[in-house]
Amino acid sequence: LLVTKSNCLMKKYPNLMCGLNTERLWLQLLEEGAAIISSTNRKLSAVEIGMFNAEQCAAAAKYGFDVHGVDASPLNFKRSTKTLAFYDSEVQDRVTLYEGAAAGS
């Protein structure tokens, strides 16, 4: 989930709790972020918790975000690392993967 100071999700996406497709919402957020990045030269970050295979991380990196992906599962972390290796260096350089829980127990 991407949150910026100027982005109130419920105002901008009033149907969010009424069955809006999450893939569509993710794409809209990436597109908005990319527009902010290109028009202001600001750096924006995205965080994915429980990434499974890092495809969403790579997608955000393609749009210009600095991305942090976290997964507690060693299998998912390994899968994510392998998936990311298929992308070009520009995407790889924008993604940092972390193996472990997002919060302490």
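Which residue, with a positive phi, follows helix α3? In this predicted model, that residue is Gly 64, whose phi lies near 100 degrees. The paragraphs below set this part of the chain in its surroundings, beginning with the overall make-up of the protein.

The protein contains five helices and three strands, and, read from the N terminus on, these elements follow one another in the order α-α-β-α-β-α-α-β. Of its 105 residues, 34% are buried, while the accessible surface comes to about 6,800 Å², with 55% of that area belonging to carbon and sulfur atoms. When contacts between residues at least 6 apart in sequence are considered, 55% of them join residues at least 24 apart.

The lowest confidence is found in helix α1 (residues 9–12), with a mean of 56, whereas the highest is found in α5, at 97. Over residues 1–7 the pLDDT falls below 50, and this stretch has eight contacts in the model beyond near neighbours in sequence.

Between β1 and β2 the chain passes through helix α3 (residues 55–62), giving a β-α-β crossover that is right-handed.

Within α3, the buried residues are Cys 57, Ala 58, Ala 60 and Ala 61. These residues lie on the same side of α3, because the arc that they cover around the axis is only 160 degrees. The buried residues of α3 pack against several elements, namely α2 (22–40), β1, β2, α4 (74–84), α5 (89–94) and β3 (95–99).

Another glycine, Gly 33, is placed in helix α2. Gly 33 has a relative accessible area of 2% and therefore counts as buried, the cut-off being under 20%. Leaving aside neighbours within four places in sequence, Gly 33 is in contact with Leu 44 and Phe 65. Although Gly 33 and Leu 44 are 11 residues apart along the chain, their C-alpha atoms are separated by 7.2 Å.

Technical notes:
Residues are numbered from 1 along each chain as its sequence is written. This is a predicted model: local features need pLDDT of at least 70, side-chain atom pairs count only at pLDDT 80 or more; totals for chains, interfaces and linings use all residues. Side-chain values use heavy atoms; hydrogens and water are left out. A crossover is right-handed if, with the strands pointing away from the viewer, the path from the first strand over the helix to the second runs clockwise. Helices (H or I, at least four residues) and strands (E, at least two) are DSSP runs, numbered from the N terminus. Buried means under 20% relative accessible area, exposed over 50%, partly exposed in between (1.4 Å probe, protein chains only). The arc is that of the directions from the helix axis to the C-beta atoms. Contact means heavy atoms within 4.5 Å. pLDDT is the predictor's confidence in each residue, from 0 to 100. Accessible areas come from the Shrake-Rupley method with a 1.4 Å probe; for residues, only the protein chains shown count as cover.
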